Number of protein chains: 2
Amino acid sequence: MKTVAFVLYPGITPLDLVGPLQVMSVLAFFDPSYEVVVAAETLQPLQTDTPLRLAPSHTFDQLDRPYAVIVPGGNGPTFAAMADDGLLERIRAAAATAEVVGSVCTGSLLLAAAGLLQGRRATSHWAALHLLAKLGAVPVGERVVHDGPYVTAAGVAAGIDMALHLVGRLAGEETARQVQLMIEYDPQPPHGPIDWAAVDRAAYAPLITDTLSAALSDHPRLLERLTR
Amino acid sequence: MKTVAFVLYPGITPLDLVGPLQVMSVLAFFDPSYEVVVAAETLQPLQTDTPLRLAPSHTFDQLDRPYAVIVPGGNGPTFAAMADDGLLERIRAAAATAEVVGSVCTGSLLLAAAGLLQGRRATSHWAALHLLAKLGAVPVGERVVHDGPYVTAAGVAAGIDMALHLVGRLAGEETARQVQLMIEYDPQPPHGPIDWAAVDRAAYAPLITDTLSAALSDHPRLLERLTR
């Protein structure tokens, strides 16, 4: 049995987790050699950045050598988690024996803060991408980035694309297409794709710095490393 | 304050709920005249069709004249919910004063079973679309279908497109584009869009019939209405 473990912690962006969770759960339906679990410190429901609370299926202690580990991201709470040594140790421990270590959105900052992305190419939410370099990774502005066992996705919704990439790699393109059909992932953004040329990235930088400063006010050295 | 209420019940497909929930939560961040809630019978975490459990922010009794109501779908548990008079009454009550009544995936079957889609154009998951006609609605094979206050989305991932449509309608295209940017919804399905010409819909019909039969074994009249 190959276990695909999603890491849950307080305050995440739920779509970061649920997009790839739904994809991998359909893979497990088609191929029972995979099982999907959601792991957190305890089994209690956790707040997210929406009014929905999420409760895991397993505690971290119950995780047994997962085949794949996927870390979702979020806003301030994820920035704060970069200084949560307990969570980072859980991520390192789960990743140690995993053949696939993935992230969605700012989840890659946690992989990097855990020391797992040294010199690795990786991506993140577009507004936080530059922070990866401060943590030793090589930021790449692509939607899904593979480097060795690591597969990182851009912001939030990119986790669905990342998981379908992963299904293609693990089970072949035909199965990936079947999963895509089951979740009817045939996107039609009503206003078209993102017009990147019109995005004023500099305008968002103060928002990121403010959120970082609030999240890491008790960790001035990490904050300085990320913002200098 | 305009309340956007998501309806939570046991066994749903979590991406049906979390896709549009994330979109509408970003709308509420940009425009504080909106608030988002997730409502269920009690505040306890509920199982989904994945290992993740979901817990609401409100009970149905705490819902106060929501501006919008959105009903997610699922597999067998949603089919079974078509016979859950208590849930259907909750949906009718919430919808009665709402200006927008939405669904994702087979959530439209619940709107139809609640008697809300009589003669209305609506969509659903591609494999369940034909069932809408048995419940008095007019099935339309499009990704997002508007008819009066009703806005229905096709399967699972279509809820994201539906919610961005809704944001465009409620707050304008510029805000919808900003929300899209925040959740980095710039889809790149790794194997391209769904190739509908290659989908053998008839091959999936027995699966739907089997799931319906198991879910509605105690409700033979409804089962017959849906399968005759």
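Two strands pair if DSSP finds at least two bridges between them. Helices (H or I, at least four residues) and strands (E, at least two) are DSSP runs, numbered from the N terminus. This is a predicted model, in which local features need pLDDT of at least 70 and side-chain atom pairs count only at pLDDT 80 or more, while totals for chains, interfaces and linings use all residues. Residues are numbered from 1 along each chain as its sequence is written, chains are lettered from A and ligands numbered from 1 in the order in which they are written, and side-chain values use heavy atoms, without hydrogens and water.

Q: Which residue in the turn between strand 9 and strand 10 of chain A has a positive phi?
A: Strand 9 (residues 144-147) and strand 10 (residues 150-153) of chain A run antiparallel and are joined by 4 bridges. Within this pair, His146(A) stands opposite Val151(A). The two strands form a hairpin with 2 residues between them, and the residue in the turn with a positive phi, of about 60°, is Gly148(A).

Q: Which strands are the edge strands of the open sheet in chain A?
A: The open sheet has 7 strands in the order 4-2-1-5-6-10-9, with mixed pairing. An edge strand here pairs on one side only, and the two that do so are strand 4 (58-59) and strand 9 of chain A.

Q: Which residue stands opposite Ile70(A)?
A: Strand 5 (residues 68-71) and strand 6 (residues 100-104) of chain A pair in the parallel sense over 4 bridges. In strand 6 of chain A, the residue opposite Ile70(A) is Gly102(A).

Q: At what angle does helix 1 of chain A run to strand 2 of chain A?
A: Helix 1 (residues 14-30) of chain A lies across strand 1 (2-7), strand 2 (34-40) and strand 6 of chain A. Axes are lines fitted to C-alpha atoms, for helices over the stretch in contact (heavy atoms within 4.5 Å). With angles running from 0 to 180 degrees between N-to-C directions, the angle to strand 2 of chain A is about 150°.

Q: Which residue forms a salt bridge with Asp147(A)?
A: A salt bridge is a side-chain nitrogen of Lys or Arg within 4 Å of a carboxyl oxygen of Asp or Glu. Asp147(A) is buried (under 20% relative accessible area, with exposed over 50%, partly exposed in between, 1.4 Å probe, protein chains only), at 19%. The closest N and O atoms of Asp147(A) and its partner are 3.0 Å apart. Asp147(A) lies in strand 9 and the partner in the loop between helix 4 (107-113) and strand 7 (121-122) of chain A, so the pair ties together parts 27 residues apart in sequence, and the partner is Arg120(A).

Q: How far apart in helical turns are Arg92(A) and Glu89(A)?
A: Arg92(A) and Glu89(A) form a salt bridge, with the closest N and O atoms 3.1 Å apart. Arg92(A) is partly exposed at 30% relative accessibility, and Glu89(A) is partly exposed at 42%. Because they are 3 residues apart in helix 3 (residues 85-96) of chain A, their separation is about one helical turn.

Q: What is the nearest side chain of opposite charge to Asp186(A)?
A: Asp186(A) is found in the loop between helix 7 (173-182) and helix 8 (201-215) of chain A. Lys and Arg count as positive and Asp and Glu as negative, while His and the chain ends are not counted. Asp186(A) is buried yet has no salt bridge, and at 5.1 Å the nearest side chain of opposite charge is Arg143(B).
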